[in-house]
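Subject: Structure for you to look at

Hello,

Here is the structure I promised to pass on. Please open it first, then read my notes below.

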Amino acid sequence: MTVTESNVTESNSFRRTGEASYAESPLHPRRTSRRIMVGPVPVGGGAPISVQSMTNTLTADVNATLRQIGELAQAGCDIVRVAVPSQDDADALPAIVAKSPIPVIADIHFQSKYVFQAIDAGCAAVRVNPGNIRKFDEVGPSICKAATDAGISLRIGVNAGSLDKTLYAKYGGPTPEALVASALKEAHMFEDVGFHDFKISVKHHDVITMVQTYRLLASKGDWPLHLGVTEAGPAWQGTIKSCLAFGALLAEGIGDTIRVSLSAPPVEEVKVGCKLLEYMGLRRRKFDIISCPSCGRAQVDVIQLANAVTEGLKGVTAPIRVAVMGCIVNGPGEAREADLGVASGNGKGQIFIKGKVVETVPEDRIVETLLTRAQDIAAQMEADGTATPDAAASGATGPVVIPIQFPNHVGRAGHAGRAA
């Protein structure tokens, strides 16, 4: 599906998010890739990098799944994926798609019939793992035709754990060369039948292997790339792995959409992904806190102070930077560089705004003073139009949405060539 000026129309189906000015990395030119659409969200072709996550509810539980999707959207998620391992899950898709505030991708393994059902349900895209779908060589062309008729995109998902046995044996395991060979085989399978609206992921749990694999794949063609470290681990470990891998690739201009995979609540994946893009200069910065490490010079409990301020300002979306410093070595300088700061010591704190000391308060009033001042500054930013109030109101920080007019499809339930 090619997006042109003639078929772009305004729509209220999805929130409008993000800014095109954050599409280009300040570190390296973006890799040239073709653009696909996931519902109204553009992926590739220079579009801002989107953040994805996946629900961990039972998809058949429509209310629970929609509640979680709402939480993800509020945290800044742009695209959500739901698992479809059973017929009950597939049957729930129409109700989920109808009420989801962000585009829904159906995650399909093994049963190709669920792919067609997901398309009929109105899903914005379908993730398929050809290595797991029975007789994919036979059913693949029918999937491509159904996706084309419905005007949706697909994602080819290659994982180390589901690598074709022949390729595993040929390359001696899930090496970068093996994973890329698998992805190329599947990409050519789609392209041979004239289907080009797909993105590719080639995930591995090892950071170095993952980076090498995406670099190699990026050199082979212009497909939009979905970055992910699969089975990254618990929150602290998975965050480190994802930031290392994504940081390396994004710094080279590689990557069009990301999913941080954590053994943690999905909303934590979104928080990490959004902050990662903020710190890479690829998403508008929201609230940020600068705080010094705890050391023997500190005359206040910096850890407690920083945690209290962070918790108190967690709902702030204005791009306010707050410095919480514990001693006179770096404190005054850092506090002056921030929008708001405190340099603490001798049982008191000097409060700075834009480099000027505005008041000195007792230690037990530092937190409440910072929170009050921060809220005032954030409100002023919104009043001045520097806090993008539309985005703040929706919790949205993601890519520019390009609403498009989909054609009306008649008889979509009758796709030929379906296989069980």
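Two strands count as paired if DSSP finds at least two bridges between them. With that in hand, take Val158: its bridge partner in β8 is Val202. The two strands involved, β7 and β8, run parallel and are joined by six bridges. Please keep in mind that this is a predicted model.

**The sheet**

Eight strands make up an open sheet with parallel pairing. Their order is β8-β7-β6-β5-β4-β3-β10-β9. The edges are β8 (198–203) and β9 (226–227), and each of these pairs on one side only. Further in, β3 (residues 50–54) runs parallel to β10 (residues 257–259), with three bridges between them. There, Val51 stands opposite Ile258 of β10.

Helix α6 (residues 176–191) packs on this sheet. The helix touches β6 (125–128), β7 (153–159) and β8. Its direction makes about 155° with that of β7.

Phe198, Ile200 and Val202 point one way from the strand. Lys199, Ser201 and Lys203 point the other way, and these are buried too. In general, side chains in a regular strand alternate between the two faces of the sheet.

A search of the whole structure turned up three aromatic pairs. In one of them, the ring centres of Phe190 and Phe195 are 5.9 Å apart and the planes stand at 85°, so this pair is edge-to-face. Phe190 is buried, at a relative accessible area of 0%. Phe195 has 2% relative accessibility and is therefore buried as well.

Phe195 also pairs with Phe198, and that pair is stacked. The centre-to-centre distance is 6.5 Å, with 15° between the planes. Over the ring of Phe198 sits the charged end of Arg34, 5.1 Å from the ring centre.

**Salt bridges**

The structure holds 16 salt bridges.

- Glu268 and Lys271 form a salt bridge, with the closest N and O atoms 3.4 Å apart. Both lie in helix α9 (residues 266–279), three residues apart, about one turn of the helix. Glu268 is partly exposed at 31% relative accessible area, and Lys271 is partly exposed at 44%.
- Asp288 meets Arg321 in a salt bridge at 3.6 Å, N to O. Asp288 is in strand β11 (residues 288–291) and Arg321 in strand β12 (residues 321–325), so the pair ties together parts that are 33 residues apart in sequence. Asp288 is buried, with 10% relative accessible area. Arg321 is partly exposed, with 28%.
- Asp339 bridges to Lys354, the closest N and O atoms being 2.6 Å apart. Asp339 sits in the loop between α11 (331–337) and β13 (340–345), and Lys354 in the loop between β14 (348–353) and β15 (356–362), so this pair links parts that are 15 residues apart in sequence. Asp339 is buried, at 10% relative accessibility, whereas Lys354 is exposed, at 57% relative accessible area.

Best wishes

Conventions
Residues are numbered from 1 along each chain as its sequence is written. This is a predicted model: local features need pLDDT of at least 70, side-chain atom pairs count only at pLDDT 80 or more; totals for chains, interfaces and linings use all residues. Side-chain values use heavy atoms; hydrogens and water are left out. Rings of Phe, Tyr and Trp (its six-membered ring) pair if their centres lie within 6.5 Å; planes under 30 degrees apart count as stacked, over 60 as edge-to-face and the rest as tilted. Buried means under 20% relative accessible area, exposed over 50%, partly exposed in between (1.4 Å probe, protein chains only). A charge sits over a ring if NZ of Lys or CZ of Arg is within 6 Å of the ring centre and within 35 degrees of the ring normal. Helices (H or I, at least four residues) and strands (E, at least two) are DSSP runs, numbered from the N terminus. Contact means heavy atoms within 4.5 Å. Axes are lines fitted to C-alpha atoms, for helices over the stretch in contact, and angles run from 0 to 180 degrees between N-to-C directions. A salt bridge is a side-chain nitrogen of Lys or Arg within 4 Å of a carboxyl oxygen of Asp or Glu.
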